[in-house]
Amino acid sequence: LTNEEWESLRSHAEKGYQIANSSPELERIADMILHHHERWDGRGEPEGLRGMSIPLGSRIIAVADAYCALTTERTYRKAMPVAEALRIMKEEASEKWDPMLVDTLIELRQGK
């Protein structure tokens, strides 16, 4: 992606927050949208929240978004097989995502 495209991508959480916050039907999920790019290790955006300080809804969105991003074809790469995506998510869980939620996703995908 170009720098401009990356910047647009990075701003979507804030724009989503603003849209949701302006709607009575969506304002209760506005903070979840805003913080879905926070990282478990605290190196995310927009506030650098860490671990359990990240809203649960945001952590769920982050795991679902990552899984979909890995397993869906993109203009810049092919879709990844489910097993490979789950392996990557497990390896990176303690840095990027809530490890318990990643474990739950893996259990659900493996039918346990």
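These notebook entries record what I looked up in a predicted model.

**Entry 1. Ground rules.** I number residues from 1 along each chain as its sequence is written. The model is predicted, so I take local features only at pLDDT of at least 70 and side-chain atom pairs only at pLDDT 80 or more, while totals for chains, interfaces and linings use all residues, and side-chain values use heavy atoms, with hydrogens and water left out. I take helices as DSSP runs (H or I, at least four residues), numbered from the N terminus.

**Entry 2. Nonpolar core.** I looked up the largest nonpolar core and found that it has 15 residues. Such a core is a set of buried Ala, Val, Leu, Ile, Met, Phe, Trp, Tyr and Cys residues joined through side-chain atoms within 4.5 Å. I use buried for under 20% relative accessible area and exposed for over 50%, with partly exposed in between (1.4 Å probe, protein chains only). The residues with the most contacts inside this core are Val63, Met89, Trp97, Val102 and Leu105. Helix 3, helix 4 (82-96) and helix 5 (99-109) each give two or more residues to this core. I note the general background that nonpolar side chains tend to be buried together in soluble globular proteins.

I then followed Met89, taking contact as heavy atoms within 4.5 Å. Not counting residues up to four places away in sequence, Met89 touches Val63, Ala66, Tyr67, Leu70, Trp97, Val102 and Leu105.

**Entry 3. Helix 4.** I asked how far apart the end C-alpha atoms of helix 4 are. The buried residues of helix 4 are Ala85, Leu86, Ile88, Met89 and Ala93, and they pack against helix 3 and helix 5.

Ala93 has a relative accessible area of 4% and is therefore buried. Leaving aside neighbours within four places in sequence, I find Ala93 in contact with Trp40, Asp98, Pro99 and Val102.

**Entry 4. Helix 5.** I checked which residues of helix 5 are buried and found Leu101, Val102, Leu105 and Ile106. They lie on the same side of helix 5 because they cover an arc of only 140 degrees around the axis, taken from the directions from the helix axis to the C-beta atoms. Met100 and Leu108, on the other side of helix 5, are exposed. The buried residues of helix 5 pack against helix 3 and helix 4. Gly111, which follows helix 5, has a positive phi near 75 degrees.

**Entry 5. Asp98.** I located Asp98 in the loop between helix 4 and helix 5. Asp98 counts as buried because its relative accessibility is 3%. A side-chain oxygen of Asp98 lies 2.9 Å from the backbone nitrogen of Met100, capping the N-terminal end of helix 5. The side chains of Asp98 and Arg59 are joined by a polar contact of 2.6 Å. A polar contact is a pair of N or O atoms within 3.5 Å; within protein, one must be able to donate a hydrogen and the other to accept it, and residues adjacent in sequence count only if both atoms are side-chain atoms.

**Entry 6. Cis peptide bond.** I found a cis peptide bond joining Glu45 and Pro46, with omega about 10 degrees. Pro46 is in the loop between helix 2 (30-34) and helix 3 (56-71).

Definitions and conventions:
Expected span 1.5 Å × (residues − 1).
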